[in-house]
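Thanks for coming, everyone. Please bring up the sequence and the structure, and we'll go through a few contacts.

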Amino acid sequence: AEVARRAAEQTESYLELLVLAGSGPESALEKQIGFNGGFEATRQRLLAAGLQAAVDRLHARVDRIEEGRLHTLGCDKDPNSPGCHVVVRYQYQVLREFPAEQVFAQVMAAFMLASTDPWVAAVNFVQPEDGLNSMRNYRLHMKMVAYARTLFPKVHVSLHAGELASGLVPPEDLRYHIREAVEVAHAERIGHGVSIMYETDALGLLKIMRDRRIPVEINLTSNDVILGVRGADHPFPVYRKYGVPVVLSTDDEGVSRTHLTQEFQRATLTYGLQYKDLKEMVRNSLEYAFLPGESYWAQPDYRVPVRACIAGIASTRCQEFLKTSEKAALQADLEQRFHQFESSF
């Protein structure tokens, strides 16, 4: 509720919150049955041991979280309270520092949950990427996600990958994390991506991300505080140079004590951004959001809207289209906010 209220104060319209963590019963199940590397056989044993019941409890927990958020914001009494109009979805966080068998159980639970719960927008991996289990099992983790995607192809995946810096891990371990997330796990978004220029054939990987429209979530304050990477050492300008879609994120407001306005200010002052650059990143944040429905835009250059809205957002045809797409509706709202803001000068 606090984050949603703060988002409303900064005129944000959409949040994907990392709230659900895989440290509950779904992880404990795997302790009972073991893991020998066989994904399908292990999944069947998990189901027999009660994985579906654990997922059902997760559904109930998501409902309680959302009800609590709305109640704390006072939306039941005053629907116009700050934060009530911010659209919120949740990501399930797989805890990558757990033993491999527990990570697999989390992945299975995460995909089962996200495939059936409209509040759960995506699956992600968290905890230090340079941790012992994270490093030892990284390639295995990516294969787990790839396997889960064959079972639940409609579930969205955003992976923290490349939250690494020189000296944090052995040099050879800087060369493959982002590529594995993109090419093996088929991540639709990459979080951090700081170590991109250490990757084998980094320029080739940047072109893949550009061509496949795989955005990178940039967390400038977090990367400075945790990794010591800032300014000219950060690949933020490289991603933009090679046409990779870029969005700005806080990473964790509660840890860094940052907020999105500060991240935009930092990016602007550090890299000499212009208004059109900021506008593009704001639009990116909705274009690549895990929301249902088609985009408002015909192409990702944000020049021409879809045919239904060529005559304007207020046209009957466009209004009918916006009713069919939650994503497009938020994008159209953003364009109206831009127009109102720019008209004030």
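Which residue does the side chain of Glu 180 meet in a salt bridge? The partner is Arg 139, at 3.4 Å, N to O. A salt bridge here is a side-chain nitrogen of Lys or Arg within 4 Å of a carboxyl oxygen of Asp or Glu. Glu 180 lies in helix H8, residues 177-183, and Arg 139 in helix H7, residues 138-151, so the pair ties together parts that are 41 residues apart in sequence. Helices (H or I, at least four residues) and strands (E, at least two) are DSSP runs, numbered from the N terminus. Glu 180 is buried, at 16% relative accessible area. Arg 139 is partly exposed, at 42%. The cut-offs: buried is under 20% relative accessible area, exposed is over 50%, partly exposed is in between, with a 1.4 Å probe and protein chains only.

Now the ground rules. This is a predicted model: local features need pLDDT of at least 70, side-chain atom pairs count only at pLDDT 80 or more, and totals for chains, interfaces and linings use all residues. Residues are numbered from 1 along each chain as its sequence is written, and side-chain values use heavy atoms, leaving out hydrogens and water.

Back to salt bridges. The whole structure has 20. One of them joins Glu 2 to Arg 6, closest N and O atoms 2.7 Å apart. These two sit four residues apart in helix H1, residues 2-9, so about one helical turn separates them. Glu 2 is partly exposed at 49%. Arg 6 is also partly exposed, at 23%.

Another pair is Arg 303 and Asp 301, at 4.0 Å, N to O. Arg 303 is exposed, with 71% relative accessibility. Asp 301 is partly exposed at 42%. Shared partners also link Glu 2, Arg 6 and Glu 253 into one salt-bridge network.

Next, disulfides, meaning cysteine sulfur pairs within 2.5 Å. How many are there by this rule? Two. Cys 75 joins Cys 84, S to S 2.0 Å. That link is left-handed, with -100° about the S-S bond. Cys 75 is buried at 13%, and Cys 84 is buried at 17%. Cys 309 pairs with Cys 318, sulfurs 2.0 Å apart. This one is right-handed, at 85°. Both Cys 309 and Cys 318 are buried. In sequence order, the bonded cysteines pair 1-2, 3-4.

Last, helix H10, residues 220-227. Six of its eight residues are buried, among them Leu 220, Asp 224 and Leu 227. After H10 comes Gly 228, with a positive phi near 75°.
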